[in-house]
Amino acid sequence: MKIFYKSIILFWSILLFLSCNSIDDLSNGEDEELIYNYEKHKNNRVATLIMNDEQYNDWVENNTFKKNKSNLIKLTKDIYKEFPDKYDFIILLLNESKTPKSLETESAKGEGSFQPVSNDINGIGCIIAQCTNPIYSNSNLFGSSEGKLKGVIHLGNRKLIKNGPILHELMHHWANHALETESVSNYGNNISSFPFGRNNGSHWGFTGGNVNGQLGGFIQSTLQEYDDSTYSVNKFEPVRHINDYHAPYNELELYLAGMLPIDSVKDFDVFKNITSLSLYAIGSASNKRMRFKASSRTTYTSEYLKELLGKRIPDVNDSQKNFKILLMVISNNSLTNEEFNQIDADAEWFHKKEFDNLPEYNFYEATKGKGSITIGY
Ligand SMILES: [Zn+2]
């Protein structure tokens, strides 16, 4: 009988010990408490992350997205406490009518910025020079424990889904490490160009394409060659699309994104060692050309691209074509009806799989109907 009582006491002691442990485990969830408040809106497309004034001012005034990686990570981890891990990209859209000056850096106005998180594609270049394996993942670090997250985009005001660099920022996921390019910082005769492509800014610079690229570059078919290593092209921007991003991706961009076979990329040139650049008009003032001198010209054929980058795996047949986006407005207030209606309408437009006659391009139009985006939760 004694033994029986002893057993009962032991049983209850073990049970008590176990339940204490499980209570401890639960209270461990201190970090499960949310840092921010979240609002989900009708249509399930737009969500708001609401900061208090102090948090919001800190986020905006200190350009936290660009300058404080660990605080950005705290924010994305907080988002994953409230939203499922099923998004390829998270877009953080500031609830401002104009992009705040504090987001400006030496090289950019701060309208858009891309934070790479992971890459699972071979044959589009590598994040570091001479690397043998371009595949990497920091998704878990950002709170995406399933490894889905590819990148986080920050946009500086609420109009930038439709009238901003969203297509440009998305392209940074695929095109950051493909080519070595160069650019210059001003017009003039005794200038010298600097690295501007893979591992040095990741834009096309003085690179041709079938159209101007979302990441910059000129239209190859407008190139004219003169004596003395001098060339002219229609006016372009080395760092972005010339027409406020209202344009489709060029062939190289579509190839890197897995939307076109490599044989569809027509030959283009990359110029380096640029020592002069001038702007002039022909006929009307709107018809502007740029003339430059460059001692290095490399023509990229699709064979050369293949040799340089290796085979894209997955190739165009197997590549991911639909991408899921979580659109999170960052605000210190609930959205007004007017703000919500505008952002929601822009989000609906950006992810619809339809060609329309608007001057702006959504993802489906920019990928010529090959790719699509789903925004929502
Ligand atoms: Zn860029």
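Student: In this predicted model, what makes Phe-65, Val-152, Ile-153, His-154, Met-328 and Ile-330 contacts of Leu-92?

Tutor: Once the neighbours within four places in sequence are left aside, these are the residues in contact with Leu-92, and the criterion behind that word is that the C-beta atoms, placed from the backbone, lie within 7 Å.

Student: Which residues touch the most other members of the largest nonpolar core?

Tutor: That core has 74 residues, and those with the most contacts to other members are Ile-90, Ile-91, Leu-92, Leu-93, Leu-327, Met-328 and Ile-330.

Student: How do you know that this core lies between domain 1 and domain 2?

Tutor: Residues of the core come from both domain 1 (37–177 + 314–375) and domain 2 (182–307), and it therefore lies between them.

Student: How many residues does each domain bring to the contact, and how far apart are the C-alpha centres?

Tutor: The C-alpha centres of domain 1 and domain 2 are 26 Å apart, and the contact draws 28 residues from domain 1 and 21 residues from domain 2. On the side of domain 1 that touches domain 2, the elements giving two or more residues are α5 (166–175) and α9 (363–366), with the largest share, six residues, coming from α5. The residues of that side comprise 13 nonpolar, 11 polar and four charged.

Student: Why is α5 called largely enclosed by the rest of the structure?

Tutor: A residue counts as buried if 20 or more other C-beta atoms lie within 10 Å of its own, and 10 of the 10 residues of α5 are buried, so the helix is largely enclosed by the rest of the structure. Among them are Glu-169, His-172 and Trp-174, and the buried residues of α5 pack against β3 (89–94), β4 (112–116), β7 (151–155), α6 (251–256), α8 (337–351) and α9.

Student: What makes β12 (224–225) an edge strand?

Tutor: In the open sheet, whose four strands run in the order β12-β13-β15-β14 with antiparallel pairing, β12 and β14 (268–281) each pair on one side only. The pairing of β12 with β13 (residues 230–234) is antiparallel over two bridges, which meets the requirement of at least two bridges, and Gln-224 has Ser-232 in β13 as its bridge partner.

Student: Where does pLDDT stay under 50?

Tutor: Although the protein averages a pLDDT of 91, with 92% of the residues scoring at least 70, pLDDT stays under 50 over residues 1–30, and for these the model has zero contacts beyond four places in sequence.

Methods:
Residues numbered from 1 in each chain as written. Predicted model: local features only at pLDDT ≥ 70, side-chain atom pairs only at ≥ 80, totals over all residues. pLDDT = per-residue confidence, 0-100. Contact = placed C-beta atoms within 7 Å. Domains from an automatic or database assignment. Nonpolar A, V, L, I, M, F, W, Y, C, P; charged D, E, K, R; others polar. Buried ≥ 20, exposed ≤ 12 C-beta atoms within 10 Å, placed from the backbone. Core = buried A, V, L, I, M, F, W, Y, C linked by C-beta atoms within 7 Å.
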